[in-house]
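Here is a short tour to read alongside the structure. Have your viewer open, and we can walk through it together, topic by topic.

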Amino acid sequence: MMDKGLTTYEEMELEDARGLRQEELIIEVTEALARALRSSGLTQSELAARLGKTKGFVSQIMGGGNNLTLRTLADVAGAIGCRVQVKLVSEKKGSVALQRSSSVSQERRRKIS
Amino acid sequence: MIPGLDKGKLSVSANPIAVNGEKLTIEWAVDGRGRLPALEFYKELSLKERQRILALFKRLADTGDIASREHFKSLGKTGDNLWEFKRSELRFLGDYRPGGRFIVALGVRKKKNDLNRSDIEKASRILAEHDERDRGERRNDGQGPHHL
């Protein structure tokens, strides 16, 4: 098969990986909010009322239109009945923490056997 | 410069893979003339707009789902059962295909929420042409059809 070069995504990673990661984080946050809102059974209008904001404000947040501040994120999560947890993961597959955990497990298995 | 990926009319010589993910591969549709209309539209967007759309594609490719109906939704029977990616004014229409693939047929800029019927018909036509070309290539390769 003829090599057609990089995928569109790989091309963008070369062009501006930083901007791409920013957009991916926005999608990750809006996805987390959408899932939490669905689980809560609240509508966007009800969420807006709880926040004392308009439905348009909530819609903008859910659409990733605003650059959401951490304070607003905490408020929105709280209004849904959630807390925000932050986790930084290594870009390389298998974080350091996981690798250490795996080493410990292997050590334990050796001791047991 | 990568062959076939510069701005202007993009032909089948361009890489038709948008994103390879853990769950799905997102592909640009190739129409009956061997062109990639959605990729052509994408290439005309600003850097920020391209990143916004790719982030959505990547999410679907990696997780197999996008929960936010603000960003991804089925257009239902009136929309020829196509799926729509939406980010600010940008819309990309496409559909799932066997073999863990999602084919992006058309990109448009819309200031209003509703899509035109002509956009839906155009996307459906491009998808049908893509499928026909796909079947032809598989026959030539001696491969059977994709299976889920």
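In what order do the six strands of the open sheet in chain B lie? The order is 1-2-6-5-4-3, and the pairing is mixed. Please keep in mind that this is a predicted model.

**Chain B at a glance**

- Three helices and six strands make up the secondary structure of chain B.
- Chain B has 148 residues, and 36% of them count as buried.
- If you take the contacts in chain B between residues at least 6 apart in sequence, 53% of them join residues at least 24 apart.

**The sheet of chain B**

- In general, the strands of a sheet are held in pairs by backbone hydrogen bonds, in a parallel or an antiparallel sense.
- The open sheet of six strands in chain B has the order 1-2-6-5-4-3, and its edges are strand 1 (17-20) and strand 3 (72-74) of chain B, each of which pairs on one side only.
- On average, and with direction ignored, neighbouring strands of this sheet are turned by 25 degrees against each other.
- Strand 1 and strand 2 of chain B run antiparallel and are joined by three bridges; they form a hairpin, with four residues between them.
- Strand 2 (residues 25-28) of chain B also pairs with strand 6 (residues 101-109) of chain B, here in the parallel sense and over four bridges.
- Helix 2 (residues 47-63) of chain B lies across strand 1, strand 2, strand 3, strand 4 (83-87), strand 5 (90-97) and strand 6 of chain B, and runs at about 50 degrees to strand 1 of chain B.

**Helix 2 of chain A and its partners**

- The axes of helix 2 (residues 44-51) and helix 3 (residues 55-62) of chain A come within 8 Å and cross at roughly 110 degrees.
- Helix 2 and helix 3 of chain A are therefore roughly perpendicular to each other, and helix 2 of chain A passes helix 3 of chain A in a right-handed crossing.
- From helix 2 of chain A, A:Gln44, A:Ser45, A:Leu47 and A:Ala48 meet A:Lys55, A:Phe57, A:Val58, A:Ser59 and A:Met62 in helix 3 of chain A.
- By class, the residues of this contact of helix 2 with helix 3 of chain A are five nonpolar, three polar and one charged.
- Helix 2 of chain A also packs with helix 4 (residues 70-80) of chain A, at an angle of about 115 degrees and with the axes 10 Å apart; this crossing is right-handed.
- A:Leu47, A:Arg50 and A:Leu51 of helix 2 of chain A make this contact with A:Asp75, A:Val76, A:Ala79 and A:Ile80 of helix 4 of chain A.
- Five nonpolar, no polar and two charged residues take part in the contact of helix 2 with helix 4 of chain A.

**Where the chains meet**

- In all, 22 residues of chain A are in contact with 24 residues of chain B.
- Helix 1 (residues 8-40) of chain A gives the largest share of the side of chain A that touches chain B, with 15 residues.
- The side of chain A that touches chain B is made up of seven nonpolar, seven polar and eight charged residues.

Note on methods: Residues are numbered from 1 along each chain as its sequence is written. Chains are lettered from A and ligands numbered from 1 in the order in which they are written. This is a predicted model: local features need pLDDT of at least 70, side-chain atom pairs count only at pLDDT 80 or more; totals for chains, interfaces and linings use all residues. Axes are lines fitted to C-alpha atoms, for helices over the stretch in contact, and angles run from 0 to 180 degrees between N-to-C directions. Helices (H or I, at least four residues) and strands (E, at least two) are DSSP runs, numbered from the N terminus. Angles under 35 degrees count as roughly parallel, over 145 as roughly antiparallel, 65 to 115 as roughly perpendicular and the rest as oblique. A crossing is left-handed if the near helix is turned anticlockwise from the far one by less than a right angle, and right-handed if clockwise. Two residues are in contact if their C-beta atoms, placed from the backbone, lie within 7 Å. Ala, Val, Leu, Ile, Met, Phe, Trp, Tyr, Cys and Pro count as nonpolar, Asp, Glu, Lys and Arg as charged, and the others, Gly among them, as polar. Two strands pair if DSSP finds at least two bridges between them. A residue is buried if 20 or more other C-beta atoms lie within 10 Å of its own, exposed if 12 or fewer, and partly exposed in between; C-beta atoms are placed from the backbone.
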